[in-house]
Every structure is written in structure tokens, then in C-alpha cells.
Amino acid sequence: MTATRRSLVGHRDFRLIWAGQGVSDIGTAVSVVVIPLVAVVYLEASPIEVGVLSAVEWLPWLLIGLPAGVWVDRSRRLRLMVMCDLVRAALLASVPLAAAFGALTIGQLFAAAFGTGLATVLFQVAYQSYLPVLLERDDLAEGNAKLQGTQAVASIIGPGLGGLLAQLLRAPFALLADAASYLVSLLALVRIKAREDDPAPSGNRSVRVEIAEGTRYVWHDPLLRVMTIGPAIGNLFFIGYEAIVVVFLVRTVHVTASTVGVLMAAGGVGGVLGAAVARPLGRRIGTARTMWFAMLLTSPFGLLIPLTSRGPGLILFVLGNMIVLAGILVYNVTILTFRQNYCPPRMLGRVVATMRFVLFGTMPLGSLLAGALAQTLGNRTALWLVLLGNIVPVFVFGASPVRRIRDLPERPA
């Protein structure tokens, strides 16, 4: 960072990626509410079909998560991100187009979710690997906090907007907002002036060899290993919660689509608070302690959510969702900065992909599990079970080296 620029607000290229991702995050947050509403309200899907829909969005991490890291390390990240935005915009726009002709089916919704998920895998791995190219090391914590904080703000704006659009336009047509947001992101990315170095030559090494190198690096590092295993268990259960929460609110609590959006948006306030306090907490009590305490103190509040009822009982949903999301954002800001500062740049794509392959690879299983539980035991009982499971990572981290150190290490400059 130069002496004359006091924050990344003065960094032109960062402002572009920040603005583009901010709009895209709002669109994604719209879809978090709208896609399940399309299935539940418009297509009258069963709980198990809603679980499958959530699963196919995350299935691409199991299918291409590991090779994605190699492809990203061998590619120009910015160009790859632009192509992914274009593909995602086209796939989401196909849903309202089919609905306009009365031809939308649950099968097409599955296909659009799956295709968007494939593009998202490549985009996310490239995005997290590109930020260290764009920013100096000392700026990464600020950059991650701003990007994660904006994502949290989007989680407030997007669901309420999505619920309102679904109520006014019918659910499928509300997806046009997300499709348009990807085009805004694309336009911001193509205006970035910073250019990447050519990718490191891979020689004659196969994709399999490079995948194995990244996997070994993560597995043999005790910090990266626990930061993969613990959150993977948490994701298994938390994505199960996300898969059935709309069904729970609509069919068990009996609230309207617009109210679903408002409730999800209110919970997003916790994400904003989490992103805002992550850096100050890391400086004050240490980055390792910040991660550990974030999970220990917030995840049990998820047990308020299954107690939700109409009227004043909706406060329990808002509080539970808000506090859990605050803890997740504190963790996310801390781990993103640690990983970017800790891993060798030539392997960062593979490290991100390896960790996300495991982290997100459990999500399809969680979605299917929650859908099956809701179908057989009821929505409220299913929520109790998955939110109890979401506390398990607290014990995983409690038995790890993270609990015994103050700060997470960095690689030598």
C-alpha cells in the first residue's frame, strides 16, 4: 500500500472488483430465496425435491473441485472469471424464459442450478486466487473484510428484494435480477487494468500429479487440515438447514414469500457485524483465538431457529440466524486472509480447490439428508437435527492446534 492511500477505497482496480462482486452478491442473495420459492410455490415441489435442488447446486464441487484448482493455476484468472459470469447469466435467464412460455419444469430448474454451480466452482477458485495478484500482502485483510462485509450486506438486501420480486412478478421472473447482476460483475471485471503474470509452466506434469501435490500440501499441514475437516462437518449440517429453511417457513410457520425474504434479510445483519469485527478482534485477541471463539460462542444459538412460530416467535428465527451468521463471517474473513498469506502463490489455486472440494463436497450430502429428514420426520424435527450437528466443529477445533496458539502464522515475505 502506498503512503498516500490510507485504505483500499483509493485502489481503482479493487473498487471495480468490489463493486462488481457487491452487485453479484445481491443477485446471488436474491436467488437464495427465489430458487427454493420457484420449486416450492411455482412448481409445488416436495421437501425431498427441494433437497435435491440444493444438492445439485453444490454437486459440481465434488465433480470438478480438484481439477478446478489445476485449471486455475494454469490459466489467467481474470479471463476465466469473465467467462464464468457470462455462463451464469445465460443459465439463470433461461428459467424465466421457459416460464414465460409455460414450459418450466423441475428438471430444467435442476439443470440450471447444476450448470450455474459448475461455473461458480471455477469462478470462486479463480477469485480467491486472483486477490493476492491484485493486492499487496498487507492489504489482503482489509480487502477480504470489505468483500465479505459487502457480501453480508447483500445477504440483507437480497433476500428481502427476492421475496418482494417473487411476490410481485412470480418467482421465476425474479431470477432476472441475478442474471443481470452477473452481467454487471462481468463489465466491472473487464475494466480492471492490472494484468497477471503468465501462469507458471506445468511442464509435462499431468493434472492428476498436480492435484495430488495440492492435496498432500493441505493434508500434511496441521492447520490447513483442521480448517478443512472441521468446517466440512459444519457445512454438511448448515447447508442442510439452508436447504429446508424456506420449506419450514412457508409450510410449517405459514409465512408469505415476502416475509421469508424479510426474515432472511434480518438475519443477514449478523453477517455484516461479523465481517466488521473480524479484523479488530484478530488484532486484539489473536487470529487463531478469533476463529475458535467465533464458532464456540455463536453456533449454539442456531438452536433458537427450530423454536420459531408466527407472531413474536419470529424473533427467535432472526436472533438465531443473525448470531450464527455473525460467527461464520468472522471465521470466513480470518481464514481467507490466513490462506492467502500462508500458502505459496504458485499453489494457491490448488490449495483453495482442495479445501473447497472437501468443504463444499459435503454440501450435496447435507441437502439430501435434510430433505429426507424433513420428508420423513417433519420440517421442525429436521431443523433440530441439522442445527445440533452444526455445533460439532466446535469440538473438532477444540482438539486441534488452533486452540493452543494466539495467531495464525504467515509465510516468510
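The model is predicted.

## Contact between H9 and H10

On the H9 side, the contact involves Val 245, Val 246, Leu 249 and Val 250. Their counterparts in H10 are Val 260, Leu 263 and Met 264. By class, the contact of H9 with H10 comprises seven nonpolar residues, with no polar and no charged residues.

## The second largest pocket

The second largest pocket holds about 410 Å³ of space. Its lining consists of 17 residues. Those nearest the centre of this pocket are Ala 141, Thr 287, Thr 337, Asn 341 and Glu 410.

Two helices, H11 (269-285) and H13 (314-342), each supply at least two residues of the lining. H13 gives the most to the lining of this pocket, contributing five residues. In terms of residue class, the lining of the second largest pocket is divided into six nonpolar, five polar and six charged residues.

## Summary of composition

The two sites may be set side by side by residue class. The contact of H9 with H10 has seven nonpolar residues and no polar or charged ones, whereas the lining of the second largest pocket includes five polar and six charged residues alongside six nonpolar ones.

Technical notes: Residues numbered from 1 in each chain as written. Predicted model: local features only at pLDDT ≥ 70, side-chain atom pairs only at ≥ 80, totals over all residues. Heavy atoms only, no water. Contact = heavy atoms within 4.5 Å. Helix = DSSP H or I, 4+ residues; strand = E, 2+ residues; numbered from the N terminus. Nonpolar A, V, L, I, M, F, W, Y, C, P; charged D, E, K, R; others polar. 1 Å grid on protein atoms, 1.4 Å probe; cavity = no way out; pocket = protein on both sides within 12 Å on 5 of 7 lines; lining within 4 Å. Points joined across faces, edges and corners; volume = space filled by probe spheres on them.
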